[in-house]
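This report is for a reader new to the structure shown below.

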Amino acid sequence: KNYKIFLITNAHPDVIRIKLKKTWLEHEFDHIISSHSFGAPKETSVFWKKLSEQITYDPDETLFIDDSPGVLDKAHENKIKYILTTKQPDSSKPIRTKSDYPMISNFIEILPE
């Protein structure tokens, strides 16, 4: 399909480079954006305003996945139609059983066959 896949993170660009070097996932994304480049974290309205100025997306056709309730709430405030969260964002902690958003354990759950 003609999906665009973005990694949008609060991580510092140096940390992103280290993680991508270890995981070899950089080629899976059309674009990688650090909130540091906007000077505002994903939990803020400033971030979402600057994001919409940098990339074009249709909120009615966008899937947004995050593990932070504050970030998910901001995505919802910005009219993102499809919002998911992860059941276990930290493997050293128990699986979450409650969320205001639908939860997944693994990306394979949402991939088309």
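In which loop is T62 found? T62 is in the loop that runs between α2 (45–54) and β3 (63–65). The model is a predicted one. T62 has a relative accessibility of 17%, and because buried means under 20%, T62 counts as buried.

A polar atom of the T62 side chain lies 2.7 Å from the backbone oxygen of D58. When neighbours within four places in sequence are left aside, T62 is in contact with Y57, I80, K81 and Y82.

L63 has its place in strand β3.

Leaving aside neighbours within four places in sequence, the residues in contact with L63 are Y82, L84 and I110.

Which residues of α2 are buried? They are F47, W48 and L51. These residues are on the same side of α2, because they cover an arc of only 95° around the axis. K49 and E53, on the other side of α2, are exposed.

What do the buried residues of α2 pack against? Their partners are the strands β1 (6–9), β2 (31–34) and β3, and the helix α3 (69–77).

## The buried side of α3

In α3, the buried residues are V71, L72, K74 and A75. The arc they cover around the axis is only 160°, so they are on the same side of α3. The cover over these buried residues includes α2, β3 and β4 (82–86).

Just after α3 comes K79, which takes a positive phi of about 70°.

## Salt bridges within helices

How many salt bridges does a search of the whole structure find? The search finds four. Side chains of opposite charge can pair when their charged atoms come close.

The side chains of D14 and R17 form a salt bridge, with an N to O distance of 2.4 Å. Both residues lie in helix α1 (residues 13–23), where they are three residues apart, about one turn of the helix. D14 is partly exposed because its relative accessible area is 41%, while R17, at 52%, counts as exposed.

A salt bridge also joins the side chains of K74 and E77, at 3.0 Å from N to O. This pair lies in helix α3, and its members are three residues apart, about one turn of the helix. An α-helix has 3.6 residues a turn, so residues three or four places apart point the same way. K74 has a relative accessible area of 14% and is therefore buried, whereas E77, with 48%, is partly exposed.

Which parts of the chain are linked by K42 and D66? The side chains of K42 and D66 meet in a salt bridge of 2.5 Å, N to O. The pair links distant parts of the chain, for K42 is in the loop between β2 and α2 and D66 is in the loop between β3 and α3.

Conventions. Residues numbered from 1 in each chain as written. Predicted model: local features only at pLDDT ≥ 70, side-chain atom pairs only at ≥ 80, totals over all residues. Heavy atoms only, no water. Helix = DSSP H or I, 4+ residues; strand = E, 2+ residues; numbered from the N terminus. Buried < 20%, exposed > 50% of the residue type's maximum accessible area, 1.4 Å probe, protein only. Polar contact = N/O pair within 3.5 Å; in protein donor to acceptor, adjacent residues only side chain to side chain. Contact = heavy atoms within 4.5 Å. Arc of directions from axis to C-beta.
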